[in-house]
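Work through the exercises below with the sequence and the model side by side. Try each task before you read the solution that follows it.

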Amino acid sequence: MGFMRNLRFDLELLEMSFKYKSYKKLLLELGRLDHVSEINEIAVRDFLKQLKLSGDENSYLKKKCIEHDIWVSLGNLERIENIVSLNYISQVYYCVQDYFYDFQREYNEICKSEWRFEEGKTKLFQIQQMFKAKFNKYDFLDEHLIAIFNYYTEVRDKNSHSRTTNDRDLDKSLTVAKSHLKTLEDVYKIKDSPKSYDTLDFEDFFLFTQATKDLCLKISSVCIPTSEGLIDTLKLKRFKKLDEERMRNAIALELRKFYSIEVANSTDIVEEIIQKI
């Protein structure tokens, strides 16, 4: 395949956004996963290259089995990149599901809310519904991010539950995702992803990971807790005795300390908090 990976996701949004602790945890988890996957990608590609150059694949494989004390057959080696990538895509999916629960828990703790996910609806859909007013007022989830997330979720479902997966739904999701190919090429510098289930590879894992970061960052940046919740959580009333300018700066610094939003970009949140203190 061979492509130059663009490890940039939306850095401008990252710098200016309100970031839940759950989002920062997600970045760490995806970073660890990406690190391991890239090492495996190098190993898999190098092994397959040497296997083809050997002239005798069975003898080469036997030599490597003896060297590493691992016994395998040639079997489905032509699909090894596909199989490994499917498993990594599944791991990204589980990281995102954990993030949705962590995000919900953190929001509830700050806002003293009892919001819960319901069965039978995707968590992403329920987040969109829960914060519909905020999305309508401030921003939206880009269609290409939703399309990519939905497609690779279908991929994960087929990988984990192949007997109960509807291939027509999978094909439909792929078609929708491919309709955003120009945007995906521009943003993530990918060459030919998303691919079909049987042909996807490490580039698909890369695309899913990067799009997931952008999707979850957008959720974190738009679905900001209530001012009352932030006031209680950060104990901001202690700054009420300060003059207005010092109080504004103190609140902005607390938001940067705990939620990594730059002071210059927290003006609206700070002003709303001051009105409620």
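A residue counts as buried if its relative accessible area is under 20%, as exposed if it is over 50%, and as partly exposed in between, with a 1.4 Å probe and protein chains only. The model is predicted, so local features need pLDDT of at least 70 and side-chain atom pairs count only at pLDDT 80 or more, while totals for chains, interfaces and linings use all residues. Residues are numbered from 1 along each chain as its sequence is written, and side-chain values use heavy atoms, with hydrogens and water left out.

**Exercise 1. The chain as a whole**

Task: Find how many helices and strands the chain has, and state what percentage of its residues is buried.

Solution: Begin with the elements, which are DSSP runs numbered from the N terminus, where a helix is a run of H or I with at least four residues and a strand a run of E with at least two. Counted in this way, the chain has 13 helices and 0 strands. Next, consider its extent: along the principal axes, the C-alpha trace spans about 80 × 40 × 35 Å. Of the 277 residues in the chain, 47% are buried. Finally, turn to contacts, where contact means heavy atoms within 4.5 Å. Among the contacts between residues at least 6 apart in sequence, 68% join residues at least 24 apart.

**Exercise 2. Aromatic pairs**

Task: Which parts of the chain does the pair of Tyr101 and Phe117 tie together?

Solution: Rings of Phe, Tyr and Trp (its six-membered ring) pair if their centres lie within 6.5 Å, and planes under 30 degrees apart count as stacked, over 60 as edge-to-face and the rest as tilted. By this rule there are 20 aromatic pairs. Because Tyr101 lies in helix α4 and Phe117 in the loop between α4 and α5 (123–130), the pair ties together parts that are 16 residues apart in sequence. Tyr101 is partly exposed at a relative accessible area of 38%, whereas Phe117, at 17%, counts as buried.

Another edge-to-face pair is that of Tyr107 and Phe131, with 5.1 Å centre to centre and 90° between the planes. Here Tyr107 lies in helix α4 and Phe131 in the loop between α5 and α6 (132–137), so the parts tied together are 24 residues apart in sequence. Both Tyr107 and Phe131 are buried.

**Exercise 3. Backbone exceptions**

Task: Where is a cis peptide bond found, and what is the phi of Lys112?

Solution: Recall that most residues other than glycine have a negative phi, and that most peptide bonds are trans. A cis peptide bond joins Ser193 and Pro194, with omega about 5°, and Pro194 belongs to the loop between α9 and α10 (202–222). Lys112, although not a glycine, has a positive phi of about 55°; this residue is in the loop between α4 and α5 and counts as exposed at 62% relative accessibility. Lys189 also is not a glycine and has a positive phi, of about 60°. Lys189 lies in the loop between α9 and α10 and is partly exposed, with a relative accessible area of 43%.
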